[in-house]
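Subject: Structure handover

Hello,

Here is the structure we talked about handing over. My notes on domains, interfaces and salt bridges follow below it.

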Amino acid sequence: MGQTPFIEVNQAIVESGGVDLNACMQCGLCAAVCPWREVAGEFLPRLMIRQGQLGLEGYESDDVLFGCTTCNKCVINCPREVDIIGVMRAMRSLVVESGGAPETLKAVLGSCHANGNPWSEPREKRMAWSEGLEVPAFTPDKEHLLFVCCTSCYEQRSQKIARSLVELLNRAGVSYGVLGPEQNCCGESVRKIGDEALFQKLAKANLEMFQAHGVKKIITTSPHCLQTFSRDYPALGGEYQVIHSSQLLAELAAAGRLPLSASDGRKVAYHDPCYLGRHGGVFDPPRAAISACGVQVVELEREKEFSLCCGGGGGRVWMETPPEQRFSLLRVQEAAAAGAQVLATACPYCVSLLEDSRKTAGLEDLRIMEISELLAENLG
Amino acid sequence: MNHAPENHYDALVVGGGIAGLQAALDLAEQGFRVAVVEEDASVGGKMIRLSKVFPTLDCASCITTPKMAAAAHHPRISLLTYSRLAGLERAGGGFAARIERKARFVDEDQCIGCRQCEYACPVLLPDADQGGFAARKAIYIPFGNAIPQVALREEENCTFCGKCEKVCPTGAVDLLQQPQEISLTAEAVVLATGFRLMTDYPNRAYGPAARQPNLITSLQMERLLAPHGPYMRVLRPSDGKEPDSVAFIQCAGSRDLNLGVPYCSRVCCMYAIKQAMLLSGALPLADLTVYYLDIRAFGKNYEQFFQNAKAMGVEFVKAKPVVVGSTAEGAVRLRYEDQEGGGGGQEREHDLVVMSLAVLPAAELDPTGLGVGLGADGFLGSVSPKLAPPLTDQEGVFAAGTALGPKDIVDTIVEAGAAASQAAAYLAARRAAGRAAA
């Protein structure tokens, strides 16, 4: 390489939380299973870790260090059980703390700081998605807090997910409420981007809010909120139960609480979101929810643990990816080739990116739907 | 040969692979009477199914069959094949064993191994002893050099047409034969229950991409390379094409905490190198690639063996690849990172890919029911792993070979000898104590 190793970098990464950095044995399986191989991308986790181990330059670029979508495929395959995402997060944090975050992500972090959401939208407009709908406020007598992902609060396409979900919850008679502008971004992506201090701030604000309102059970619309609430927040003092909307919908459908027509004959493929599947191990409930409305299920070859990432995790949803390098493009093409009329999924990031790629690919006969949307369409 | 089982033995050896046979022979040569219980229809274990062995490139059949025959013909050894240890209890300072003799549906004493029944049988089934690449009948002699040369019938797929029964010149076929249970006593037990391969690795690691015919296991490659293998030459299973490129994936399950196998399987580096060498003879024009993490060539003459393979043109690529699918022509598609060449992510196709699967403890590692202590790796544990590896935590119970952990044939033979020696010392001490008491 012709570079001088700088071992202090190794120590700094470990101290920043990349505790597994030196457990890596450099087999390179991570690089082989990484979704970037699908599109000849530059990101090679093995090389990134080697550079981190030795303190060599070359990993800091947007395409390498910030290329990781945190899809977890390498982590669940790693023979040494290295928390590769944790190492990557620590390496990013060293860069982010010194002001080196990619420009688009700086805006995201700044907005989270100022507005409590990554979309550079005012805090007061957080409930804009619910216009014209009856959405109860959370009070201590309510069973669940509905925690709507920032994306579904502000992004137009994504708002439909939240609107569909409350329609279903209302019809099923679920006791729930929302907290509106008080809520902050869960901080999952913020942490993965590497801004640990900002994550701590957001998490603390949300935890105080949960505490102040007596929240015991949370429904999330995003698997990203689900993962950070169930994996990260408990270490900061969070005590509650958390469930993803698709899990609740499967329960409601099984209990016969959703008046579904069960006559939707469309061919539906399911795309496992990384944070619900590979991170959370939730594979069957979303499938059960989809099956409840009588669709024809089309299996995609890359499913469950082998699912193909949409490309939106780890902050990538806010970064520019050339069309030919978008995993989501491969995914919609795969679904169309399998004969699916609907590509259903359970994550706002997935919906945004798949919808975008559907348009890029000109697949007019394919619909991208969140499970709530699919079920709401089938309400009798 | 094949003496009828008696009521009492000095030692009971569980497992008739190379470890069990060697331990039995070493005990018998010292004057002890030994019963060998083997679950399979033939003795010989994994070794008799191999092609050639590293680093000498001896023919496995040629050096295993004499051991099998020696055990079969030994006046102080009884081989109980197609039998399993159904229970063992301590009794009178020794052991009382219950052994289930599974129904062969062929009388062992009357069968002369003429194969008339096999020729007459109309049922064709995949032959596991040929890697599933060739067919066998529902009534069959396990393989050419099986010992004993006695037929058995597989009940599940038999159509009960009765042809075998009619054609048998000695009337040995007994379609209504029942399993039998026999009892015997022994003073000492040697566990040589062997290993199995992690055959679910491809599904776990590669998912749907694993479902393709030209992705095979290392033991299947042994059959393709064996002199009396399924095709008598190395051909690709999907279409019978002579492969132009063959790759090996090392550590396929081994040293993988994620799969619960923290240990090295010890034999894979060397057998992959051996198979690559044999392939360079069988397919002189084929490209041979070994994807490895480290090459562990630790035994006598092993490093030279590895260097020879490199000199012969076998390509060694440091990478752990993943199988991602197949081409329209049937080649296996791999992805890996070109670490040493700095070429980044690569995709390559090979006509045939061999997975060097992890060595796992046998399903019936300890059939004694005594609860012999296990090591952290899941294999049988030793109370003195450094100075007396065959000693288990149960008095009078010794262990040898891969039942104690992955090891090659050389180490297995040595350990079997050690187990026999420990068992012999134990038996001799008991006799001396018995005489002193009298």
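How many salt bridges does a search of the whole structure find over all chains? The search gives 49. Please keep in mind that this is a predicted model.

Domains of chain A

Chain A splits into domain 1 (7-97), domain 2 (103-249) and domain 3 (259-377). For domain 2 of chain A and domain 3 of chain A, the centres over C-alpha atoms are 22 Å apart. Domain 2 of chain A puts 34 residues into the contact, and domain 3 of chain A puts in 31 residues. Between them an area of about 2700 Å² is buried, with 65% of it from carbon and sulfur atoms. On the side of domain 2 of chain A, the residues that lose the most area to domain 3 of chain A are R157(A), I161(A) and H224(A), which together make up 20% of what that side buries.

The polar side of this interface is as follows. There are 11 residue pairs in polar contact between domain 2 of chain A and domain 3 of chain A, counting pairs with both residues at pLDDT 80 or more. On the side of domain 2 of chain A, the elements that give two or more residues are α6 (103-115), α7 (150-154), α8 (156-172), α9 (188-193), α11 (223-232) and α12 (245-254) of chain A. The largest share of that side, nine residues, belongs to α8(A). Sorted by class, the side of domain 2 of chain A that touches domain 3 of chain A holds 12 nonpolar, 14 polar and eight charged residues.

Two salt bridges cross the interface of domain 2 of chain A and domain 3 of chain A. R157(A), already named for the area it loses to domain 3 of chain A, forms a salt bridge with E355(A), with 2.6 Å between the closest N and O atoms.

E355(A) counts as buried because its relative accessibility is 9%, under the 20% cut-off. R157(A), at a relative accessible area of 22%, is partly exposed.

Helix α15 of chain A also holds D356(A). The side chain of D356(A) meets that of R326(A) in a salt bridge, at 3.7 Å from N to O. R326(A) lies in the loop between β6 (296-298) and α14 (327-337) of chain A, and the two residues are 30 residues apart. Here D356(A) is partly exposed, with a relative accessible area of 39%, whereas R326(A) is buried at 16%.

Another pair lies within one helix. R331(A) and E334(A) are both in helix α14 of chain A, three residues apart, which is about one turn of the helix. Their salt bridge has its closest N and O atoms 2.9 Å apart. Is R331(A) buried or exposed? R331(A) is buried, with a relative accessible area of 0%, and E334(A) also counts as buried, at 15%. Both belong to a network, joined by salt bridges that share partners, of E38(A), R302(A), R331(A), E334(A), R333(B), R335(B) and E347(B).

Chain A against chain B

In the contact between the chains, 21 residues of chain A meet 22 residues of chain B. The area buried there is about 1800 Å², and carbon and sulfur atoms give 52% of it. The rule finds two salt bridges across the interface of chain A and chain B. E337(B) and R46(A) meet through their side chains in a salt bridge, 2.7 Å from N to O. Eight residue pairs are in polar contact between chain A and chain B, both residues being at pLDDT 80 or more.

On the side of chain A that touches chain B, two or more residues come from each of α2 (29-33), α3 (45-54) and α4 (73-77) of chain A. The largest share, four residues, is from α2(A). By class, that side of chain A has 12 nonpolar, three polar and six charged residues.

Regards

Key. Residues numbered from 1 in each chain as written. Chains lettered and ligands numbered in written order. Predicted model: local features only at pLDDT ≥ 70, side-chain atom pairs only at ≥ 80, totals over all residues. Heavy atoms only, no water. Domains from an automatic or database assignment. Contact = heavy atoms within 4.5 Å. Buried area = accessible area lost by both parts, 1.4 Å probe. Salt bridge = Lys/Arg side-chain N within 4 Å of Asp/Glu carboxyl O. Polar contact = N/O pair within 3.5 Å; in protein donor to acceptor, adjacent residues only side chain to side chain. Nonpolar A, V, L, I, M, F, W, Y, C, P; charged D, E, K, R; others polar. Buried < 20%, exposed > 50% of the residue type's maximum accessible area, 1.4 Å probe, protein only.
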